Amino acid sequence: MADYDAVLKNWGPVDADPAKYGGLVLVRLFTEHPETQKLFPKFAGIAHGDLAGNAAISAHGAIVLKKLSELLKAKGSHGAIIKPLAQSHATKHKIPINNFRLIGDVIVKVLGEKGILDAAGQHALNNIFPIIIGDLEAGYKEHGFSG
């Protein structure tokens, strides 16, 4: 619980503007790991120079951070949230589980750089992501996706 509290105590700006921070996260993900952009068919053709400020990328980033916010606020009791997320990402989107690790690392970096998470908050989120990703991976296995 302490890790969740350490993240959530400074999470207000993310909840207040998920599109802003979500856009920053996805642009950074696509810049640092260009192969991930291909996993998003509607973004695959966008040139790297045109990523920043793209409204569709910010909108999808908002979806990502809103879901993460929901997971964090569940403080580990997230089975009902993880189950449909794992199902859709395993069966429909076919997103390899390692990509959740990549975006998790990027989220921690971006929120640290923007002053949302201090060192303790970054450490706490780095402790939380393996729990969330492990539960996603278990859901993937239920659906026969080894991604």
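Select K73 and display its neighbours: leaving aside residues up to four places away in sequence, K73 touches L8 and D15, where contact means heavy atoms within 4.5 Å. K73 is found in helix α4; helices (H or I, at least four residues) and strands (E, at least two) are DSSP runs, numbered from the N terminus. K73 is partly exposed, with a relative accessible area of 48%. Here buried means under 20% relative accessible area, exposed over 50%, and partly exposed in between (1.4 Å probe, protein chains only).

Two remarks on the source apply throughout. This is a predicted model, in which local features need pLDDT of at least 70 and side-chain atom pairs count only at pLDDT 80 or more, while totals for chains, interfaces and linings use all residues. Residues are numbered from 1 along each chain as its sequence is written, and side-chain values use heavy atoms, with hydrogens and water left out.

**Helix α4**

α4 has 19 residues and reaches 27 Å from its first C-alpha to its last, close to the 27 Å expected at 1.5 Å a residue. The expected span of a helix is 1.5 Å times one less than its number of residues. Which residues of α4 are buried? They are I57, S58, G61, A62, L65, L68, S69, L71 and L72. Show the other helices as well: the cover over these buried residues includes α1, α2, α3, α5, α6 and α7.

**Two loops with positive phi**

Move on to K75, which is found in the loop between α4 and α5. The phi of K75 is near 50 degrees, a positive value in a residue other than glycine. Most residues other than glycine have a negative phi. K75 is partly exposed, with a relative accessible area of 29%.

Next, select K94, in the loop between α5 and α6. What is the phi of K94? The value is near 55 degrees, again positive in a residue other than glycine. K94 counts as partly exposed, at 46% relative accessibility.

**Helix α6**

At 1.5 Å a residue, the 16 residues of α6 should span 22 Å; the end C-alpha atoms of α6 are 23 Å apart, which agrees. Colour the buried residues of α6, among them F100, L102, I103, V106 and L111. Two further buried residues of α6 are N99 and G104. The cover over the buried residues of α6 includes α2 (12-16), α3 (18-32), α4, α5 and α7. Just after α6, stop at G115, which takes a positive phi of about 75 degrees.

**Helix α7**

Select residues 119-142, which form α7. The 24 residues of α7 should span 34 Å at 1.5 Å a residue; the end C-alpha atoms of this helix are 36 Å apart, which agrees. The buried residues of α7 are G121, A124, L125, I128, F129, I132, I133, L136, G139 and Y140.

Within α7, pick N127. N127 is partly exposed, with a relative accessible area of 31%. The C-alpha atoms of N127 and L71 are separated by 14 Å, and these residues are 56 apart along the chain. Just after α7, G144 takes a positive phi of about 75 degrees.

**The whole chain**

Finally, select everything. How many helices and strands does the chain have? The secondary structure comes to seven helices and zero strands, so that the pattern along the sequence reads α-α-α-α-α-α-α. With 147 residues, a compact globule would have a radius of gyration near 15 Å; the chain has 15 Å, which agrees. The radius of gyration is taken over C-alpha atoms, and the globule rule is 2.2 Å times the number of residues to the power 0.38. Along its principal axes the C-alpha trace spans about 40 × 40 × 20 Å.

Of the 147 residues, 44% count as buried. Among contacts between residues at least 6 apart in sequence, 73% join residues at least 24 apart.
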